[in-house]
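Please open the structure in your viewer and keep the selection tool at hand.

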Amino acid sequence: MSTTVMTDRVAKVSPRVKARIAGVLYALEGTGAVFGGVYFRGKFLVAGNAAATAATILANEPLFRLGFAAALLAVAFHLSYTVLFYDLFRPVNRTVSLLAAFFSLLACALQAFAALFQLAALLIVGNGSTLSGFTGEQVQSLALLFLNMNAQAFNIYLIFFGFWLIPIGYLILRSTFFPRIIGVFLMLDGVGWVTYLWPPLATAIYPLIAVVAALGELPLLLWLLVVGLNAHRWQEQASKQSS
């Protein structure tokens, strides 16, 4: 099947189906990010204790590898729904939709870097006995360093995820085919994640960030999965944009 034919078939998919596919990918990315990032960090990273961190990795290597796989898959799902969100909200404002896609791609890159730091920690612990020039304590310290870098990269990812949510919320607010209240909460949600620019503030107000995130992202996910969007109004707005 030629690329042109495949592109034509994708273009003919209804916006409602695209929205539901985006919802599935959004859910899968969130699950992978939480399991491969947040849960993973709490399971394996023993703050300030390199020996305990290395021992935990070696004792739970299959789970560690599963966490890495989940984090890597989350990147693929994230890239996929970035493209779909751009296509869905382009009729509202092409420039803002492109800006949102740009921030989302940066977030994807940071997700990938975070996953690579996970893999580096596993490789150095698993091959520590064969690494010439490093003592056992140095190998353990390097593994802890890589996991700390994983945590930092994930926090920076959250910042760019917030920068994505703000324009997406704005696009939903300006759209005619989505509940506008979701857009309001997504913009507030985005501001919350952006506070990770100053981690002490983000940590202090994390309960508030979590509540606003639930009020914005859960309704978005449910609406995408159950309703999709109002296809008739999407077509109307798309026609106005192209005219």
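This is a predicted model: local features need pLDDT of at least 70, side-chain atom pairs count only at pLDDT 80 or more; totals for chains, interfaces and linings use all residues.

Begin by selecting V24, L28, L225 and V226, which together make a nonpolar surface patch of about 320 Å². If you colour the helices, you will find that α2 (15-44) and α9 (206-226) each supply at least two residues of this patch.

**Stop two: aromatic pairs**

Next, show the aromatic side chains, among which the count comes to 18 aromatic pairs. Select Y26 and Y81 to see one that is edge-to-face, with 5.2 Å from centre to centre and 70° between the planes. This pair links distant parts of the chain, since Y26 belongs to helix α2 and Y81 to helix α4 (residues 61-89), 55 residues apart. Are these two residues, Y26 and Y81, buried or exposed? Both Y26 and Y81 are buried.

Then move to F85 and F89, whose ring centres are 6.0 Å apart and whose planes lie at 25°, so this pair is stacked. F85 and F89 are separated by about one helical turn because they are four residues apart in helix α4, and both F85 and F89 are buried.

In soluble globular proteins, nonpolar side chains tend to be buried together. Here the largest nonpolar core has 41 residues, and those with the most contacts inside it are F85, F89, W164, I168 and L220. Several helices, namely α2, α4, α5 (94-126), α6 (136-174), α7 (180-194), α9 and α10 (231-242), each supply at least two residues of this core, while its largest share, ten residues, comes from α6.

Centre the view on L220 and display what surrounds this residue: leaving aside residues up to four places away in sequence, L220 touches Y26, F85, I172, F178, I182 and L186. Finally, select F40, L122, I124 and V139, which are among the twelve residues of another core that lies apart from the largest one.

Conventions:
Residues are numbered from 1 along each chain as its sequence is written. Side-chain values use heavy atoms; hydrogens and water are left out. Patches are made of residues with over 30% relative accessible area and no salt bridge: like charges are joined within 9 Å, nonpolar side chains (Val, Leu, Ile, Met, Phe, Trp, Tyr) within 5 Å. Accessible areas come from the Shrake-Rupley method with a 1.4 Å probe; for residues, only the protein chains shown count as cover. A salt bridge is a side-chain nitrogen of Lys or Arg within 4 Å of a carboxyl oxygen of Asp or Glu. Rings of Phe, Tyr and Trp (its six-membered ring) pair if their centres lie within 6.5 Å; planes under 30 degrees apart count as stacked, over 60 as edge-to-face and the rest as tilted. Buried means under 20% relative accessible area, exposed over 50%, partly exposed in between (1.4 Å probe, protein chains only). A nonpolar core is a set of buried Ala, Val, Leu, Ile, Met, Phe, Trp, Tyr and Cys residues joined through side-chain atoms within 4.5 Å. Contact means heavy atoms within 4.5 Å.
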